[in-house]
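Visitor: I would like to go through this model term by term. Please set each value against its cut-off.

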Amino acid sequence: MHSIALVSTKSIDHDEWLRWRRTGITGSDAAAIVGLDRYRSPFDVYADKLGLKPEIPDNEAMRQGRDLEQYVAERFMEATGKKVRRRNAILQHPEHHWMLANIDRRVVGENAGFEAKTTSVLNRTKFAQGEFPPNYYVQCVHYMAVTGADRWYLGVLVLNKAFHVFTIERDEAEVQALIEAEKHFWENHVLKQ
């Protein structure tokens, strides 16, 4: 992986971590920027980067997602036989410095990463049919752009019902399209205010 370790996340508190995330576009911002996040709009990302609105407090889904991340990683390793490791850093694209990534795990022995997700039982039908939300896809494409990874694995725990693994192969056209969309957003909106 060719990204730059911008700052270690082992030595900073939550507030400082949030300040670093405001210095660029993260994986969780990417889908909102391209209009594929049903919870956030491009304006929400813009306002967050400029500090125009208060930080959104954790809700129960956010808390459970963080708390269950290790469990989802363990289930992924059990299901696939692959080994994953934490990458305790905010990563930065070597050329597009506004592209940041705080990845869940890297896959040992592969040029690949892993994203852990938890979701409500109300979403189980989509996953059982082999589909996952577009915001998950965009987040993984963003991470591949930042890290140079060839693929990203997605482990999804449908609470109390199922566990699914998806593999997203790098598509250079998709990566470049996302970089261009994020670059336009950053340079023409955030920087120019």
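Visitor: What makes Ile 25, Ile 33, Pro 42, Val 45, Tyr 46 and Val 190 contacts of Phe 185?

Guide: Contact means heavy atoms within 4.5 Å. Phe 185 meets that with Ile 25, Ile 33, Pro 42, Val 45, Tyr 46 and Val 190, once neighbours within four places in sequence are set aside. The model is predicted, so local features need pLDDT of at least 70 and side-chain atom pairs pLDDT 80 or more, while totals for chains, interfaces and linings use all residues. Residues are numbered from 1 along each chain as its sequence is written, and side-chain values use heavy atoms, without hydrogens and water.

Visitor: What makes a set of residues a nonpolar core, and which members touch the most others in the largest one?

Guide: The set must consist of buried Ala, Val, Leu, Ile, Met, Phe, Trp, Tyr and Cys residues, joined through side-chain atoms within 4.5 Å. Buried means under 20% relative accessible area, exposed over 50%, and partly exposed in between, with a 1.4 Å probe and protein chains only. The largest core has 35 residues, and Trp 152, Val 156 and Phe 185 touch the most other members. Two or more residues each come from helix H2 (27–33), helix H3 (42–49), S3, H7, S7, S8 and helix H8 (172–190). H7 gives the largest share, eight residues. A second, separate core has 11 residues, including Val 84, Val 107, Leu 157 and Phe 163.

Visitor: How do you know where a helix or strand begins and ends?

Guide: Both are DSSP runs, numbered from the N terminus: helices are H or I with at least four residues, strands are E with at least two. Helix H7, for example, covers residues 134–147.

Visitor: Why is the pair Phe 43 and Tyr 46 called tilted?

Guide: Rings of Phe, Tyr and Trp (its six-membered ring) pair if their centres lie within 6.5 Å; planes under 30 degrees apart are stacked, over 60 edge-to-face, and the rest tilted. Here the centres are 5.9 Å apart and the planes 35°. The pair therefore counts as tilted. Phe 43 and Tyr 46 are three residues apart in helix H3, so about one helical turn separates them. Phe 43 is exposed at 55%, whereas Tyr 46 is buried at 15%. The structure holds five aromatic pairs. Phe 76, Phe 114 and Tyr 153 form one aromatic cluster.

Visitor: What makes Arg 86 and Glu 69 a salt bridge?

Guide: A salt bridge needs a side-chain nitrogen of Lys or Arg within 4 Å of a carboxyl oxygen of Asp or Glu. The closest N and O atoms of Arg 86 and Glu 69 are 3.8 Å apart, so the pair qualifies. Arg 86 lies in the loop between strand S2 (84–85) and strand S3 (89–92), and Glu 69 in helix H5 (residues 69–80), so the bridge ties together parts 17 residues apart in sequence. Arg 86 is partly exposed at 46%. Glu 69 is buried at 17%.

Visitor: Why are Glu 115 and Lys 117 called buried?

Guide: Their values, 4% for Glu 115 and 15% for Lys 117, fall under the 20% limit. They too form a salt bridge, with the closest N and O atoms 3.3 Å apart. Elsewhere, salt bridges with shared partners join Arg 22, Asp 29, Arg 40, Asp 48 and Lys 49 into one network. The structure holds 13 salt bridges.

Visitor: What makes S2 and S8 edge strands?

Guide: Two strands pair if DSSP finds at least two bridges between them. The open sheet has five strands in the order S2-S5-S6-S7-S8, with mixed pairing. S2 and strand S8 (162–169) each pair on one side only.

Visitor: How do you know that S7 and S8 pair?

Guide: Eight bridges join strand S7 (residues 151–158) to S8, and the two run antiparallel. The requirement is at least two bridges, so they pair. Gly 155 stands opposite Val 165 in S8.

How values were computed:
Axes fitted to C-alpha atoms, helices over the stretch in contact; angles between N-to-C directions.
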